[in-house]
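Please read the following account with the sequence and the model side by side.

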Amino acid sequence: MMAGTAGEEELEVSWQDLGLDPASTPTWALTLTPAPGPTPASTPSLSLASESLQPLQDLTGDGGVRKERLCPGTGQPVPPSASVAVKYSGYLGNWNKLFCSNGNSKYPRLMKLGKDITLCGLEIGLLSMTKGEAALFILTPKYAYGQRGCPPSIPPNTTVLFKVEVLDFIDSEECDAFFELTYALSILGRSSSSKAEQSQINASKLLLFLNLSLTYLKLERADRALKYGQLALEMDPRNAKALFRCGQACLYMREYSKSRDFLARAQCIQPFNRDINNELKKLARYYKEYMEMEKEMCCQMFDPLNSYG
């Protein structure tokens with residue numbers, strides 16, 4: 001499936017060759033129009049327009065998946081078996097017929113490539129993206145819903161259009177490691193008759209709790225991250241890493257007072273730890289924004305009362 005992605009070569013046509021009229025067309029509009037002559041209506045041709053005047057990237061080498069980058073991202077591209085958090089919208093026609101979207105979701109769930117995301121062309125497109133990147137994709141039927149389509153939403157043999165933004169992703173190795181960790185935890189939960197052996201088991205469990213807390217943070221499950229961080233603290237109350245994980249989890253849940261307590265305790269143990277100090281700065285910034293928002297809400301509540309003074 002990915003044999004054609006290595007080149008990320010560009011089409012040999014420019015936007016002008018495709019009928020560009022930037023004066024009358026939105027910046028990122030792509031319009032599906034019937035081809036002239038005897039071409040069947042089920043096989044559309046594409047007329048594209050963009051003020052960027054940039055050629056499209058041909059990600060597959062046969063024009064099956066074409067891309068225009070709207071906003072650059074940072075870091076490495078999405079790995080082949082990652083779990084991704086994306087905002088997406090799928091369209092037919094001239095971007096005025098929406099058939100799927102998660103744009104109303106404030107926190108899109110993580111979706112695993114090849115499992116939750118099974119559309120071949122969309123997966124190819126995501127593998128070309130980095131964190132924070134936004135892009136438009138044109139998928140021909142071969143890389144979308146095929147000759148049959150997906151009735152009633154997608155007609156047979158239809159080219160579809162997607163607008164996608166990669167919010168974040170984690171490598172599947174981290175997810176797989178999580179399941180391995182939970183299995184190991186069940187094994188380490190068994191009691192031991194030897195004191196030395198039990199001490200070794202406890203040391204392994206502590207490390208396991210810390211890794212589970214970190215994994216849950218990456219999966220954006222702050223409640224579970226806090227749980228395993230606290231289990232680590234039960235075994236070692238002065239473990240700076242466990243205190244740091246708990247502080248991160250509480251900050252994610254907007255429990256600012258608890259977050260400050262955990263992070264301050266971690267800072268007492270490791271006063272020059274850059275990660276801990278940066279998290280405390282982040283907490284102070286978030287708390288200030290929260291208090292300003294609360295103050296504004298109070299003003300809005302009481303201003304109408306003052307007007308009757």
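Helices (H or I, at least four residues) and strands (E, at least two) are DSSP runs, numbered from the N terminus. The model is predicted, so local features are described at pLDDT of at least 70 and side-chain atom pairs at pLDDT 80 or more, while totals for chains, interfaces and linings use all residues. Residues are numbered from 1 along each chain as its sequence is written, and side-chain values use heavy atoms, with hydrogens and water left out.

Asn157 counts as buried because its relative accessibility is 14%; here buried means under 20% relative accessible area, exposed over 50%, and partly exposed in between (1.4 Å probe, protein chains only). The loop between β10 (134-139) and β11 also holds Pro152. Pro151 and Pro152 are joined by a cis peptide bond, with omega about 0°. Most residues other than glycine have a negative phi, and most peptide bonds are trans. Arg254 likewise has a positive phi, near 65°. Arg254 lies in the loop between α5 and α6, and with a relative accessibility of 53% it counts as exposed.

The next element to consider is helix α6. Helix α6 comprises residues 256-269, 14 residues in total, and spans 20 Å from its first C-alpha to its last. This is close to the 20 Å expected at 1.5 Å a residue, where the expected span is 1.5 Å times one less than the number of residues. Which residues of α6 are buried? They are Tyr256, Ser259, Phe262, Leu263 and Ala266. These residues lie on the same side of α6, because they cover an arc of only 130° around the axis; the arc is that of the directions from the helix axis to the C-beta atoms. The face of α6 turned away from the buried side carries the exposed residues Ser257 and Cys268. Ser257 counts as exposed because its relative accessibility is 53%. Between Ser257 and Gly247 there are 9.6 Å in space, C-alpha to C-alpha, and the two are 10 residues apart in sequence.

The structure holds 7 aromatic pairs. Rings of Phe, Tyr and Trp (its six-membered ring) pair if their centres lie within 6.5 Å; planes under 30 degrees apart count as stacked, over 60 as edge-to-face and the rest as tilted. The pair of Tyr216 and Tyr228 is stacked, because the ring centres are 5.8 Å apart and the planes stand at 5°. This pair links distant parts of the chain, since Tyr216 belongs to helix α3 and Tyr228 to helix α4 (residues 222-235), 12 residues apart. Tyr216 counts as buried, at 8% relative accessibility, and so does Tyr228, at 7%. The rings of Tyr256 and Tyr290 have their centres 5.3 Å apart and their planes at 50°, so this pair is tilted. It too links distant parts of the chain: Tyr256 is in helix α6 and Tyr290 in helix α7, 34 residues apart. Tyr256 is buried at 9% relative accessibility, whereas Tyr290, at 31%, counts as partly exposed. Ring pairs also join Phe99, Tyr145 and Phe162 into a cluster.

Helix α4 also contains Glu234, which is exposed, with a relative accessible area of 63%. The C-alpha atoms of Glu234 and Leu206 are separated by 9.3 Å, although the residues are 28 apart along the chain.

The last feature is a pocket. On a 1 Å grid over the protein atoms alone, a pocket is an open set of points where a 1.4 Å probe fits, with protein on both sides within 12 Å along at least five of seven lines; lining residues have an atom within 4 Å of a point. The largest pocket has a volume of about 720 Å³, a volume being the space filled by probe spheres set on the points, which are joined across faces, edges and corners. Of its 19 lining residues, Gln248, Leu251, Tyr252, Lys282 and Tyr286 are the closest to the centre. At least two lining residues come from each of β11 (160-170), α3 (195-218), α5 (240-252) and α7 (274-306). Helix α7 gives the most to this lining, with 6 residues.
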